[in-house]
Amino acid sequence: MFDGYESSEESSSSSSSEDSEDEVRSIPASLPIIKNNGQVYTYPDGKAGMATCEMCGMVGVRDAFYSKTKRFCSVSCSRSYSSNSKKASILARLQGKPPTKKAKVLQKQPLMAKLAAYAQYQANQQSQSKSKSVVPVEGFDWGRYICSNNLTGAPVSCFKHVPMGCFWGDVTEGVRVEVLNSDTHLSTKVYWIAGIVKLAGFKALLRYEGFDNDSSHDFWCNMCVPEIHPVGWCASNGKPLVPPKSIQHKCSNWKAFLVKRLTGAKTLPPDFATRVQEGTQYPFKKLMRVEVVDKTHLCRTRVALVEQVIGGRLRLVYEESQDGTDDFWCHMFSPLIHSIGWSRSIGHRFKRSDVTKKIDGLMDAPAQLFLKVKDVDQSGDWFKDGMKLEAIDPLNLSAICVATVRKVLADGYLMIGIDGSEAADGSDWFCYHSTSPSIFPAGFCEINSIELTPPRGYTKLPFKWFDYLREMGSIAAPVKLFNKEVPNHGFREGMKLEAVDLMEPRLVCVATVTRIIHRLLRIHFDGWEDEYDQWVDCESPDLYPVGWCQLTGYQLQPPAAQTTRETPPNVTKQKKKASQYKGQKKKRKIPVGRRPVVFDVPLRRSSFSDDEEQTPPHYLSNPSGSRRPPTSGVGRECAIKSEASLQLKEETPEVDEFTFSQGISDQESNGSGSYYIKQEP
């Protein structure tokens, strides 16, 4: 950021040597610094947790900066920021203009000074990690896990909410791509053709062209990373194609070999990388205000601010949180979040925020960004208070329980209570939409051979709906009111995926589909007991294909057996009790090796007070853009014709180098939309 700038010899009266000494003393000792000629420097490694002083431009560890907002490195910078003599220089620096003589900037550091500062910073980080007893988790190797157990990953087309979810038809076994050639003795980057042998989510097992049935050099790669290119990319960008050294002796004319092999083969469309990039753009921005379920009292919502967006998952911090630790994770398409004013519009309970201080950049998230529910007709035969049904317990997602409609809200929403475990004040009622795939008519579990959890304390077992309704003097909700739509989701039992542990929603774990009932999936977390399984809808935004965490930069929690060689004393295996309600789901015991740094509070049943039916004031500002609906349709098939021409390049005597011509669309000629490698004259 400041490389190339030189320190000004002239300085204003406010930047005297005495002031410089004050600044040095005011910087916390934990900040890695290097002193040189009276100046103070830090090493900006670009990692998360770094901050830049808005006054002097110093880059350092964010936690060591001054003030709650972490905008300044010292008290003097904070005070000087408000002086008129500095404003012009600051504005010029932010706009990328050369600094004025009065602007105080940093000298370019010698390499050794940077390395020394970085070493000190790393040492501090390691000491902090030891003091917190947090062991970092190494990257999980999906490829080895799948191959060693002969597993199958759910295809990306099963997940419409992820990048390329609607366009994955272009990626199949046998598709050819251009990738880096790792089997070479050349010092420069060279490429070669590889074919997809096996697919598992975003991950593909690739084999270099020419190895035939030899799998010794097969490798796994995420198909959506920038290193994957369609055939013809090397020719367009001047990159050499060089065969792997292990097979160079097998063929004397690699040009003819590739022409023969690639005849009629498919490759990726030229805009594949663009589509991936567009799929990783998310409309929610930091400091947008939303209404989200109160994780401590399920029956009400609270205002929260978007603090972080990773792969469409939002880290929401409740507005009243003083230190930013009272947070909640969910996907931007989750039914748990809504636009400001939603609670008042449907009659849902809402906790008013006492925060009156406005933050710069704060705005209400536009209503069009949120998941739309199906319109329903509540006139005539509709849900009524007291009707019985079956529902997934939001506090124990492995159980489908006997439940009751406690309150009918507007727009098709219902407040549901789990029989036998409700709080006296209804604080654990949960809001489901009438079209929710998480509620079922009475008898659903019996018909589909699913264990129904009876009310706690109910002794007449096995549970029979007819007897229970007669004893309670209740009626069952009509079957016709429930959502019976079953999409062709594509999931199969045994498929692997990455799934959110909804009882610890900050965690995304290695998981398996173990059972499928229409659109309902039973998700098992690998390495954990069955009691931690969760019932999830096939279109849930909390399910992701293999490789999603790698693509988005989210931390994947590996199977428990991968990180814990010894079972912690507080984690014991328990057999799941049949026909007895367990009550609140226990918080998952996280082994030391996989325990995340971020902490969260689990959902729990408890009573509450100070619950007010009010809506917070609106902030009328709108974002520059809004979410676009995904484009429907299947991607075009891309074929490589035999007319392909290869341009031979002989830059080294030992190996052959050649390039493909970039394929062009023949859409103008025959309207097929396929892509070919053009024959050159």
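Before you start, note that the model is predicted, so local features need pLDDT of at least 70 and side-chain atom pairs count only at pLDDT 80 or more, while totals for chains, interfaces and linings use all residues. Residues are numbered from 1 along each chain as its sequence is written, and side-chain values use heavy atoms, with hydrogens and water left out.

**Stop 1: strand E25**

Select residues 495-500, which form strand E25. Helices (H or I, at least four residues) and strands (E, at least two) are DSSP runs, numbered from the N terminus. Six of the six residues in E25 are buried, where buried means under 20% relative accessible area, exposed over 50%, and partly exposed in between (1.4 Å probe, protein chains only).

Now show the side chains. In a regular strand they alternate between the two faces of the sheet. Here Met 495, Leu 497 and Ala 499 point one way, and Lys 496, Glu 498 and Val 500 point the other way.

**Stop 2**

Two strands pair if DSSP finds at least two bridges between them.

- Strand E26 (residues 508-517) runs antiparallel to E25 and is joined to it by five bridges; look for Val 508 as the bridge partner of Val 500.
- Strand E5 (residues 152-153) pairs with E25 in the parallel sense over two bridges, with Thr 152 opposite Met 495.
- Strand E29 (residues 543-544) pairs with E25 in the antiparallel sense over two bridges, and Tyr 544 stands opposite Glu 498.

**Stop 3: Asp 393**

Next, select Asp 393 in strand E19 (residues 388-393). Asp 393 counts as buried because its relative accessibility is 0%. A polar atom of the Asp 393 side chain lies 3.0 Å from the backbone nitrogen of Leu 395. Then pick Gln 534: Asp 393 and Gln 534 are 141 residues apart in sequence, yet 10.0 Å apart in space, C-alpha to C-alpha.

**Stop 4: backbone geometry in the loops**

Most residues other than glycine have a negative phi, and most peptide bonds are trans.

- Met 164, in the loop between E5 and strand E6 (176-180), has a positive phi of about 70°. Met 164 is buried, with a relative accessible area of 3%.
- Ser 449, in the loop between helix H10 (444-447) and E24, has a positive phi of about 55°. Ser 449 is exposed, with a relative accessible area of 58%.
- Pro 462 sits in the loop between strand E24 (452-453) and helix H11 (465-472). The peptide bond from Leu 461 to Pro 462 is cis, with omega near 0°.

Notes: Polar contact = N/O pair within 3.5 Å; in protein donor to acceptor, adjacent residues only side chain to side chain.
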